[in-house]
Amino acid sequence: MPQVTELKSHPLVSHNLAILRSKDTDSQQFRRVAQRLSTLVLVAATESLKTVDRVVETPLIQTSEKVFSEEIWLVPVLRAGLAMVDVGLDLLPDAHVGFVGLFRDEETLLPQYYYKNLPDFTRHASSCFLLDPMLATGGSAVAAINLLKDHGAVDIRLLCLISAPEGLKEVFAKHPDVAIFTASIDEQLNEVGYIVPGLGDAGDRYFGS
Ligand code: PRP
Ligand code: URA
């Protein structure tokens with residue numbers, strides 16, 4: 001059953017989206033705000049991870065807390081997905097990191113594959129967080145999820161900052177089992193495949209290129 005969680009109704013998310021979207025935000029501030037928003041999306045996406053109870057001795061008494069029970073993999077889609085990795089490792093210091101390299105052909109809007117570094121996910125029970133701030137046509141996300149599944153991933157969450165309805169529809173159609181977490185669902189794509197209102201080119205703004 002397709003599942004999308006949009007976080008924009010929270011004013012902390014909306015406040016930071018206002019800064020991220022503004023054409024007057026420079027790369028330094030763009031990086032800070034993209035990371036802050038990524039933290040909020042990551043918190044939402046970790047809520048449904050599998051846990052086990054662990055007994056803990058406090059200085060006063062024995063108690064128990066829930067701790068994650070499966071390997072967690074953070075998989076950024078290069079380049080822009082790198083924006084979400086460091087905050088992921090801050091929140092989940094035991095997580096592992098894999099990589100998928102894709103860029104969108106500006107004419108055809110089709111994803112072009114150039115790199116992967118992924119494990120055999122069948123070796124351990126694991127959850128995969130696919131990280132990409134922008135979900136536009138959905139071509140890149142579908143290609144990246146195909147790669148994750150080719151490597152045995154089963155439990156996959158897609159984490160974005162801005163998503164277009166067209167991209168959500170495409171991911172739902174090809175991978176209805178993947179849960180999507182996004183700060184905002186925007187209005188639509190424009191005639192050259194950019195998300196509107198969007199924020200422009202996330203990779204260029206993040207890396208100052
Ligand atoms: C952006 C973005 C996604 C892709 C989304 O990457 O980070 O990977 O576009 O578009 P889609 O949903 O239509 O496939 P881009 O191709 O600009 O590469 P970059 O991150 O290296 O800048
Ligand atoms: N990739 C981006 O970085 N921005 C868009 O609006 C669409 C794809």
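A charge sits over a ring if NZ of Lys or CZ of Arg is within 6 Å of the ring centre and within 35 degrees of the ring normal. Arg104 meets this for Tyr194, lying over the face of that ring at 5.8 Å from its centre. This is a predicted model, in which local features need pLDDT of at least 70, side-chain atom pairs count only at pLDDT 80 or more, and totals for chains, interfaces and linings use all residues. Residues are numbered from 1 along each chain as its sequence is written, chains are lettered from A and ligands numbered from 1 in the order in which they are written, and side-chain values use heavy atoms, with hydrogens and water left out.

**Ligand 2**

- Arg104 and Tyr194 are both among the residues around ligand 2 (a heavy atom within 4 Å).
- Polar contacts are pairs of N or O atoms within 3.5 Å.
- A polar backbone atom of Ile195 is 2.8 Å from an oxygen atom of ligand 2.
- A backbone N or O atom of Ala202 is also 2.8 Å from an oxygen atom of ligand 2, while for Gly200 a backbone N or O atom lies 2.8 Å from a nitrogen atom of the ligand.
- Taken alone, ligand 2 exposes 240 Å², of which the protein buries 88% (Shrake-Rupley method, 1.4 Å probe).

**Aromatic pairs**

- Strands here are DSSP runs of E with at least two residues, and helices are runs of H or I with at least four, numbered from the N terminus.
- Trp73 and Phe121 are both buried (under 20% relative accessible area; exposed is over 50%, partly exposed in between; 1.4 Å probe, protein chains only).
- Tyr206 and Phe207 are edge-to-face because their ring centres are 5.1 Å apart and their planes are at 75°.
- Tyr206 is buried at a relative accessible area of 7%, whereas Phe207 is partly exposed at 36%.

**Thr46**

- Thr46 is in helix H2 (residues 27–46) and counts as buried at 15% relative accessibility.
- Leaving aside residues up to four places away in sequence, Thr46 touches Phe68, Leu92 and Phe129 (heavy atoms within 4.5 Å).

Methods:
Phe/Tyr/Trp six-rings, centres within 6.5 Å; stacked < 30°, edge-to-face > 60°. Polar contact = N/O pair within 3.5 Å; in protein donor to acceptor, adjacent residues only side chain to side chain.
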